[in-house]
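Student: Please walk me through this model, feature by feature. I want the general idea first, then the case at hand.

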Amino acid sequence: MRVEQLGTGEPSVAVVGGIHGDEPCGPHAVDAILDDPPAVDQPVKFVVANEEAIARGVRYVDEDLNRAFPGDPDAETHEGRLAARLDAELGGCRTLALHSTQSYERMFALVDLVGAFERQVCPRLSIDAVVETHEQNEGRIFSSVPSAIEVECGYQRSEQAAANAVTVTEQFLAATDVLTDPPMREPQEVPVFYLGKPIPKRKADAYEVFATNFEEVTVGEAFAAMDGESLVADESFHPVLLSPEGYSDIFGYMATLSGKLP
């Protein structure tokens, strides 16, 4: 784990990339900011988390780091021990965690629940949606860092995701009053979704998705298929993280539209 800092004093703001080793947009953004550091009014911490997985080009070494929080210094797994180190490093910090996905080309945020911090920051980010993940948070970073915002920056390993990660990091630092000369961005209206149950998928040779993330699927609508057999909605929902191959055992998640920010 690599930790660097801009400004003097004890930071209360942090940016973390590389929680998953196969999502290079986060480490790219950290390096881009540190290579051309902005003037800051308060200290900020930058963390590149799972360096071993990054070096191998894999999502994780032993277990998914974003399912291992709060971790244990004596854990048998690399990620279990690393989660404990991150818990100590990020505890008390308002944190941006940078990710990428196989399901969506633009940016959206995931939070525990929308509170004052999320209301302050999320409308000032270039995101399409905010997703509250409260019921699906076991082992996620929110277990250690309640004031965390995860941003999915675009398609995994894409140049656009790398560029988006730099942009959203600058916007986050502006929204948390870190930057001396912040970029101007007016707050925007952002829909909020509440993440519900996962959509299971069985073993098959071919998977398809027909629905679009964040757009409502209505009762009776076919939204995915396994080996040509369609899955039909028996209740209305908004898909989140829906993709053919993003997860081994689920297509994604069902969500409900719960409100808007600001």
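Student: Which residues of α5 are buried?

Tutor: Buried means under 20% relative accessible area, exposed over 50%, partly exposed in between (1.4 Å probe, protein chains only). In α5 the buried residues are Ala 161, Ala 162, Asn 164, Ala 165, Val 166, Val 168, Thr 169, Gln 171, Phe 172, Leu 173, Ala 174 and Ala 175. That makes 12 of its 17 residues, and the helix is mostly covered. This is a predicted model: local features need pLDDT of at least 70, side-chain atom pairs count at pLDDT 80 or more, and totals for chains, interfaces and linings use all residues. Residues are numbered from 1 along each chain as its sequence is written, and side-chain values use heavy atoms, with hydrogens and water left out.

Student: What span does α5 reach?

Tutor: The expected span is 1.5 Å times one less than the number of residues. With 17 residues, α5 reaches 24 Å from first C-alpha to last, close to the 24 Å expected.

Student: Now the sheet. In what order do the strands run?

Tutor: Strands of a sheet pair through backbone hydrogen bonds, either parallel or antiparallel. Two strands count as paired if DSSP finds at least two bridges between them. Here 10 strands form an open sheet, ordered β1-β3-β2-β4-β7-β5-β6-β8-β13-β12, with mixed pairing. β1 (2-6) and β12 (238-240) each have a single partner strand, so one side of each lacks a neighbour in the sheet. From one strand to the next, the twist averages 30°.

Student: How do the helices sit on the sheet, and at what angles?

Tutor: Axes are lines fitted to C-alpha atoms, for helices over the stretch in contact; angles run from 0 to 180 degrees between N-to-C directions. Helix α3 (residues 78-90) packs on the sheet and touches β1, β2 (13-17), β3 (44-48) and β4. Its direction makes about 170° with that of β3. Helix α5 (residues 159-175) lies across β2, β3, β4 and β7, at about 165° to β4.

Student: Which strands pair with β7, and in which sense?

Tutor: Take β4 to start. It pairs with β7 (residues 148-155) in the parallel sense over 6 bridges. Leu 98 has Val 151 as its bridge partner in β7, and Thr 101 has Tyr 155. β5 pairs with β7 in the antiparallel sense over 3 bridges. There, Phe 108 stands opposite Glu 152. 7 of the 8 residues of β7 are buried, so the strand is largely enclosed by the rest of the structure.

Student: What about Gln 136: where is its place?

Tutor: Gln 136 is in the loop between β6 (130-132) and β7. At 25% relative accessibility, Gln 136 counts as partly exposed. Not counting residues up to four places away in sequence, Gln 136 touches Leu 195, Gly 196, Lys 197, Pro 198 and Tyr 253. The C-alpha atoms of Gln 136 and Leu 195 are 7.4 Å apart, although the two are 59 residues apart along the chain.

Student: Last, the rings. How many aromatic pairs are there?

Tutor: Rings of Phe, Tyr and Trp (its six-membered ring) pair if their centres lie within 6.5 Å; planes under 30 degrees apart are stacked, over 60 edge-to-face, the rest tilted. The whole structure has 7 such pairs. Ring pairs link Tyr 104, Phe 108, Phe 193 and Phe 214 into a cluster.

Student: Over which rings does Lys 201 lie?

Tutor: A charge sits over a ring if NZ of Lys or CZ of Arg is within 6 Å of the ring centre and within 35 degrees of the ring normal. Lys 201 lies over the face of Tyr 207, at 4.3 Å from the ring centre. Its charged end also sits over the ring of Phe 251, 5.5 Å from the centre. Tyr 207 is buried at 15% relative accessible area, and Phe 251 is buried at 0%.

Methods
Helix = DSSP H or I, 4+ residues; strand = E, 2+ residues; numbered from the N terminus. Contact = heavy atoms within 4.5 Å.
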